[in-house]
Amino acid sequence: MPLVRIDLRRGKSAVHKKAISDGVYQALREIFTVPENDRFMVVTDRADEDFLYEPNYLGIAHSADFVLLQITVTNTRTIEQKQALYARIVELLETNPGIRRQDVMINLIDVGRENWSFGNGVAQYV
């Protein structure tokens, strides 16, 4: 049920982008117990002029490898689960494809079950 949006600077290889999506999916499976085959992701390459972020925010220095993850999920997780998800994602992405922890921004949006339709104009979770 998660919907993941991955935004990054244009020029990264398909292998790099797949490693990001695989890492995020693995963390979601491990921490949020997302079922197998529940993978909905959009990866968007952005031109420099279309990918704006602060190079230093809250004392965190961001490089040209900055990645923005926006993850929409059903609002059933605790604060502790959310924190564990953030930590696991950066751990996995640091390992593969080698993104610095400081360069991974995560925005989690949690919504009610009625806000999902996976097809046929039906809210399957209601």
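Modeller: Lys82, Leu85, Arg88, Ile89, Val90, Leu92 and Leu93 are the buried residues of H2. Keep in mind that this is a predicted model. As for what sits over those buried residues, the cover includes helix H1 (14–31), along with strand S5 (67–74) and strand S6 (104–111). H2 itself runs over residues 79–95, which makes 17 residues. From the first C-alpha of H2 to its last you get 25 Å, close to the 24 Å expected at 1.5 Å a residue.

Now step back to the whole chain. There are 2 helices and 6 strands in the protein chain, and from the N terminus on they come in the order β-α-β-β-β-β-α-β. The radius of gyration is 15 Å, close to the 14 Å the globule rule gives for 126 residues, so the chain is as compact as a globular protein of that length. Along its principal axes, the C-alpha trace spans about 40 × 30 × 25 Å.

What about burial and contacts overall? Of the 126 residues, 37% count as buried. If you take contacts between residues at least 6 apart in sequence, 74% of them join residues at least 24 apart.

Technical notes: Residues are numbered from 1 along each chain as its sequence is written. This is a predicted model: local features need pLDDT of at least 70, side-chain atom pairs count only at pLDDT 80 or more; totals for chains, interfaces and linings use all residues. Side-chain values use heavy atoms; hydrogens and water are left out. Helices (H or I, at least four residues) and strands (E, at least two) are DSSP runs, numbered from the N terminus. The radius of gyration is taken over C-alpha atoms; the globule rule is 2.2 Å times the number of residues to the power 0.38. Buried means under 20% relative accessible area, exposed over 50%, partly exposed in between (1.4 Å probe, protein chains only). Contact means heavy atoms within 4.5 Å. The expected span of a helix is 1.5 Å times one less than its number of residues.
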